[in-house]
Amino acid sequence: METKKTRYDTNPLDPDVAKQTEEQWGENDDGPRTHQMKGATRDVGSSANNSARSNIYSEAPTRTFDNTPLDAPYPSVFVPPTYSPPAPYQPANPYLPPQVSQRPTSRTVAGIGLPEKWAMILPYAPFYIGVIASLVELFLVPRKEMKVRFHAAQGLALHIAILVLQTLFGVLGAVTDSSIGGTLFKLAATVFLVISMIRVWKGEAHRIAPIGEPAQWLNERIEPRTHS
């Protein structure tokens with residue numbers, strides 16, 4: 001028994017398939033038949049958003065990465081690699097005090113022939129003893145004795161600051177006819193000098209920040225008699 005064919009039973013290899021289909025649709029349906037389109041195809045308008053076209057990375061070629069570790073993050077073409085800037089060069093400063101505090105030893109310091117422990121505390125001696133000791137050490141002690149020259153320069157700068165402030169208190173006392181301010185300052189300065197001597201004797205780090213630059217200037221400008 002021959003099976004009844006429907007409109008969907010078509011053979012795509014049959015050259016008359018289009019004609020047969022049109023006849024089938026025209027015989028049973030009331031709708032319009034298919035007509036051949038003539039003329040040029042209408043152009044589709046471009047999108048107003050052209051940000052994708054302006055991005056040069058949107059059509060970048062595919063990149064391959066060989067031997068990439070499994071735990072490595074996926075590299076992105078949108079994020080450029082960053083590199084840490086090199087550390088700036090810092091020349092060594094011979095004036096800086098030693099980083100590790102050490103108790104002064106009894107070895108003899110070159111240039112003055114005194115033990116190191118006495119050469120380091122004498123610049124902080126009260127009154128004019130410290131000023132004279134600081135000047136002698138800066139003029140005689142070679143630069144290789146970094147700790148001794150550091151305390152000599154700092155002691156001299158400290159004495160100069162005390163003398164300047166004491167002079168100001170003297171002028172202020174003469175104007176106000178009262179010397180109590182100058183007396184109290186002189187007592188406080190003496191106590192501070194004694195405390196400085198004790199700290200240096202014990203080997204504690206003793207650097208007075210407010211007079212750091214003047215002390216460094218004195219250490220650099222005063223050249224020792226022996227350049228060894």
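What percentage of the 228 residues of the chain count as buried? The share is 22%. Please keep in mind throughout that this is a predicted model.

**The whole chain**

Begin with the entire chain displayed as a cartoon. It contains seven helices and zero strands, and its pattern along the sequence reads α-α-α-α-α-α-α. Turn next to the contacts between residues with a separation of 6 or more: 64% of these join residues 24 or more positions apart.

**Helices H4 and H5**

Select residues 128-140, which form helix H4, together with residues 146-176, which form helix H5. The two helices pack with their axes 8 Å apart, at an angle of about 140°. H4 is therefore oblique to H5; an angle would have to be over 145 degrees to count as roughly antiparallel. The crossing of the two helices is left-handed.

Now show the side chains where H4 and H5 meet. On the H4 side, select Tyr128, Gly130, Val131, Ser134, Leu135, Glu137 and Leu138. On the H5 side, select Val148, Arg149, Ala152, Ala153, Gly155, Leu156, His159 and Leu163. Colouring this contact by residue class gives nine nonpolar, four polar and two charged residues.

**Serine 134**

Within helix H4, centre the view on serine 134. Is this residue buried or exposed? Serine 134 counts as buried because its relative accessibility is 0%, and the cut-off for buried is under 20%.

Which residues does serine 134 touch, if those up to four places away in sequence are not counted? They are Pro123, Ala152, Gly155 and Leu156. Then select glycine 130 as well: its backbone oxygen lies 2.7 Å from a polar atom of the serine 134 side chain.

**Two loop residues**

Move to phenylalanine 127, in the loop between helix H3 (116-121) and H4. Its phi is near 65°, a positive value in a residue other than glycine. Phenylalanine 127 counts as exposed because its relative accessibility is 55%, and exposed means over 50%.

Finally, select aspartate 177, in the loop between H5 and helix H6 (180-202). Aspartate 177 is not a glycine, yet it has a positive phi of about 60°. With a relative accessible area of 71%, aspartate 177 is exposed.

Technical notes:
Residues are numbered from 1 along each chain as its sequence is written. This is a predicted model: local features need pLDDT of at least 70, side-chain atom pairs count only at pLDDT 80 or more; totals for chains, interfaces and linings use all residues. Side-chain values use heavy atoms; hydrogens and water are left out. Axes are lines fitted to C-alpha atoms, for helices over the stretch in contact, and angles run from 0 to 180 degrees between N-to-C directions. Helices (H or I, at least four residues) and strands (E, at least two) are DSSP runs, numbered from the N terminus. Angles under 35 degrees count as roughly parallel, over 145 as roughly antiparallel, 65 to 115 as roughly perpendicular and the rest as oblique. A crossing is left-handed if the near helix is turned anticlockwise from the far one by less than a right angle, and right-handed if clockwise. Contact means heavy atoms within 4.5 Å. Ala, Val, Leu, Ile, Met, Phe, Trp, Tyr, Cys and Pro count as nonpolar, Asp, Glu, Lys and Arg as charged, and the others, Gly among them, as polar. Buried means under 20% relative accessible area, exposed over 50%, partly exposed in between (1.4 Å probe, protein chains only). A polar contact is a pair of N or O atoms within 3.5 Å; within protein, one must be able to donate a hydrogen and the other to accept it, and residues adjacent in sequence count only if both atoms are side-chain atoms.
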